Amino acid sequence: MPLRPNPRVSIITPVYNNADDLAECIESVLAQTYGNWDYTIVNNCSTDSSGEVARRYVAKDSRIRVIDNEQFLRVIPNHNHALRQISPESEYAKIVFADDWIFPSCIEKMILVGEANPSVGIVGAYGLEETRRGSVREDVVMWTGLPYPSLRVSGREVCRGLFLDGTYVFGTSTSVLYRSELVRTRDPFYNEANFHADEETCVALLRTWDFGFVHEILTFKRWRATSLGSFSLDFQTVRAGRLHDLVTYGRDFLSEGEFDHCLREMLSEYYNFLAVSFMRGRRDAKFWDFHKRKLNETVGFSRGCLLRAILARTARMVLNPYETIAKLRESRGSKAAKLTAVAADMIGSPAADSNPSATARLS
């Protein structure tokens, strides 16, 4: 694969109402130790000052341009639209989300791995992810599953680890660098029907490409209470995305026996999650419609499987009331918590005896 001595990198930032964070994102690109890049900021009809923030930087650096969408696009379609703007001269493509930023050596370190390993189609790295517990902030090192040095790992090995033991090393789209030829030849680049399209794209590409990894922290993912990441965590959408990837691509990496085992385990965990959600009183239609639809898109939603999972959780609740009380006290007022308190009282829970008000608080 012929590569230029100083390969061009196209950097893309899709932005929608990120005026508060966009300047820090852009400054992190300007601070890169690697200089041969072009930078396209795609403004998705923002109603705040994101466009103005971006255009201030256009005047400062000729490598930066701003594209204003004529009409608003949903998240993943907008990411695909943004990636279509990469330079025809670029060898690599790098997304940096508007509320994230990258460390100064990010692009340089990732390109070194790509240039040294022509079979590598995607390069990842460790990242910092901002988390919040109330007012307390903590930055956590993420995507640490590969042993050092692991500069190049076969795509098959990476995806087998993902399906067999849940080792996830792709991070987010900000966390990885793609070869531009892969972006150009796959349109749309992301599956617009999959909430976790970035993971699916990595899995699909690694059927024929290897994965590169830099064992350094190169990216930062910001926490936002109103972000899609928060929605994903609340709905546990990753379960649906991982099931989709297993059903669609699993047989490309696993034996038939391994695939069947993974599918059984994944469905068991999925229905257990739904059972717990039901017993904790989660009744919002949006949540259930999402998971029923996603199951129907892959293996089909089964009321029987859900009922069996609820019965199994109920039996476990009665047989292990002390453990269950501790877990469900967080869901104070839910039917599951009430049932737990009743079950514990029926068998003479020491915890209930020593604290007579416990059952009253859960009722």
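Q: Where does P149 sit?
A: P149 is in the loop between β7 (136-142) and β8 (152-153). Helices (H or I, at least four residues) and strands (E, at least two) are DSSP runs, numbered from the N terminus. This is a predicted model, where local features need pLDDT of at least 70, side-chain atom pairs count only at pLDDT 80 or more, and totals for chains, interfaces and linings use all residues. Residues are numbered from 1 along each chain as its sequence is written, and side-chain values use heavy atoms, with hydrogens and water left out.

Q: What kind of peptide bond joins Y148 and P149?
A: A cis one, with omega about 5°. Most peptide bonds are trans.

Q: And what about D187 to P188?
A: That peptide bond is cis, with omega near 5°. P188 is in the loop between α6 and α7.

Q: OK, α7 next. How many of its residues are buried?
A: 9 of the 9 in α7 (residues 197-205), so the helix is largely enclosed by the rest of the structure.

Q: What covers them?
A: The cover includes α3 (75-83), β6 (120-133), α5, α6 (180-185) and α9 (237-249).

Q: Switching to β1: which strand does it join, and how do they run?
A: β1 is joined by 7 bridges to strand β2 (residues 37-43), and the two run parallel. Strands pair if DSSP finds at least two bridges between them. S10 stands opposite D38 in β2.

Q: Which way do the β1 residues point?
A: V9, I11, T13 and V15 point one way and S10, I12 and P14 the other way, and all are buried.

Q: Last one: how do α10 and α11 pack?
A: Helix α10 (residues 256-279) and helix α11 (residues 285-298) are at an angle of about 165°, their axes 12 Å apart. Axes are lines fitted to C-alpha atoms, for helices over the stretch in contact, and angles run from 0 to 180 degrees between N-to-C directions. The helices are therefore roughly antiparallel (under 35 degrees is roughly parallel, over 145 roughly antiparallel, 65 to 115 roughly perpendicular and the rest oblique).

Methods: Buried < 20%, exposed > 50% of the residue type's maximum accessible area, 1.4 Å probe, protein only. Contact = heavy atoms within 4.5 Å.
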